[in-house]
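Have the sequence and the 3D view open as you read.

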Protein chains: 2
Amino acid sequence: MDREQLIDEVLMLLPALMRLVGKPGPVEMGEIARRGIPVDAHISPGHVQILISLSRGPRSVGQLAETVGVSPPAATQLVDKLVEHGMVERRHDHADRRVVLVDYVPGMHEVARRIMEDRRRPIERAINSLTDEEARAFVKGLKLMTEGFGPTASES
Amino acid sequence: MDREQLIDEVLMLLPALMRLVGKPGPVEMGEIARRGIPVDAHISPGHVQILISLSRGPRSVGQLAETVGVSPPAATQLVDKLVEHGMVERRHDHADRRVVLVDYVPGMHEVARRIMEDRRRPIERAINSLTDEEARAFVKGLKLMTEGFGPTASES
DNA sequence: CCATTTCTTTAAGTTACTTATTTAAACGTC
DNA sequence: GACGTTTAAATAAGTAACTTAAAGAAATGG
């Protein structure tokens with residue numbers, strides 16, 4: 001059965017994808033250096049998620065945690081690193097001082113955009129190698145699979 | 001452009017998939033316990049890769065490292081854990097005593113098969129929700145993307 | 001015999017999370 | 001207003017899954 005083979009292929013492919021997806025490429029490292037961010041800065045997929053969320057406006061740490069799908073301390077850590085790299089800053093919400101709002105440091109939008117572009121490139125290439133139908137099926141399958149690994153997917 | 005949206009969707013989806021893909025479901029934990037493997041055993045996607053490779057016969061640690069795509073010490077660790085859980089064992093190759101061959105502990109094939117089945121389930125469900133065309137496109141896209149994140153994919 | 005290479009493991013370190021706990025702020029009830 | 005409870009973020013402590021460097025043993029070739 002062809003499907004059996006496809007399933008086995010995905011099973012072997014997933015860990016490999018996971019290992020590769022977090023590594024920056026040389027183009028990206030060069031770009032980061034040119035923009036004055038420390039050369040050893042590591043922008044992980046989790047960081048990219050944060051940057052994307054913030055491109056829509058300031059967010060509290062709790063909101064970021066929820067959007068990204070991690071615990072609040074994990075969100076704190078992700079933000080810590082971006083603050084360290086001078087890309088984002090924290091400030092308190094006047095309306096409720098418990099809340100920490102995270103926003104881009106002025107002038108860093110463009111840097112973040114470049115970083116996001118670089119991280120998109122392999123995805124872009126993959127999708128641009130597919131027909132419209134194929135691309136939609138690819139993303140559909142990816143969504144279905146992600147949902148399938150999620151907590152609501154278990155059956156008794 | 002529809003493709004832009006698809007690309008952005010994948011960019012946000014990947015970290016979420018990565019976080020979810022390593023977590024065992026409750027069915028799997030129950031099965032593991034029933035088979036006499038410690039209840040806290042965590043069988044990661046990397047372990048699954050090892051189990052799949054070994055289902056084709058004994059392998060040296062170096063071969064496993066290569067097949068799975070990790071460093072030799074990482075393969076050592078993966079094997080360590082499976083040995084700990086009583087699923088595989090090490091023995092030296094008579095022809096070259098430097099080489100450590102890894103093989104299933106007698107009677108553990110079936111346990112491993114069950115574990116692999118459980119790990120396959122979300123993938124199976126996703127693929128079975130797609131038409132034949134869609135399923136092929138999904139795996140094609142996944143492969144292309146994985147290659148795109150790999151070391152040979154960078155361009156000057 | 002000896003220098004070099006190969007194979008695996010150990011050692012040391014990093015990253016990306018998690019849960020538990022702490023601190024400060026806000027809320028609701030009396 | 002006082003006080004108990006809840007909320008938000010950060011800190012503390014720990015785990016898993018890697019990496020590179022180095023060590024130890026075995027094999028190879030001159």
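Which polar backbone atom is 2.8 Å from a phosphate oxygen of DNA strand C? It belongs to Gly62(B). A polar contact here is a pair of N or O atoms within 3.5 Å; within protein, one must be able to donate a hydrogen and the other to accept it, and residues adjacent in sequence count only if both atoms are side-chain atoms.

Before going on, some ground rules. This is a predicted model, where local features need pLDDT of at least 70 and side-chain atom pairs count only at pLDDT 80 or more, while totals for chains, interfaces and linings use all residues. Residues are numbered from 1 along each chain as its sequence is written, chains are lettered from A and ligands numbered from 1 in the order in which they are written, and side-chain values use heavy atoms, with hydrogens and water left out.

Back to DNA strand C. Two or more residues of the surface near DNA strand C come from each of H5 and E3 of chain A and helix H4 (61-68), H5 and E3 of chain B. These labels are DSSP runs numbered from the N terminus: helices are H or I with at least four residues, strands are E with at least two. Counting a residue as near if one of its heavy atoms lies within 4 Å, there are 21 residues around DNA strand C, and Ser71(A), Gln77(A), Arg19(B), Gly62(B) and Arg90(B) come nearest.

Sugar and phosphate make up 72% of the atoms of DNA strand D that come within 4 Å of the protein. Gly62(A) has a polar backbone atom 2.7 Å from a phosphate oxygen of DNA strand D, and a backbone N or O atom of Val100(A) lies 3.4 Å from a phosphate oxygen. A base gets a contact too: a polar side-chain atom of Gln77(B) is 3.1 Å from a base nitrogen.

Next, look at the sheet in chain A. It is open and antiparallel, with three strands in the order E1-E3-E2; strands count as paired if DSSP finds at least two bridges between them. At the edges are strand E1 (59-60) and strand E2 (88-93), each pairing on one side only. Six bridges tie E2(A) to strand E3 (residues 96-104) of chain A, and a hairpin of two residues links E2(A) to E3(A). Within E3(A), Asp103(A) is the bridge partner of Glu89(A), and Val102(A) that of Arg90(A).

Finally, the protein chains themselves. Each of chain A and chain B puts 65 residues into their contact, meaning heavy atoms within 4.5 Å. About 6400 Å² is buried between them, 70% of it from carbon and sulfur atoms; buried area is the accessible area (1.4 Å probe) that two parts lose on being put together, summed over both. On the chain A side, Arg3(A), Met12(A) and Phe149(A) lose the most area to chain B, together 11% of what that side buries.
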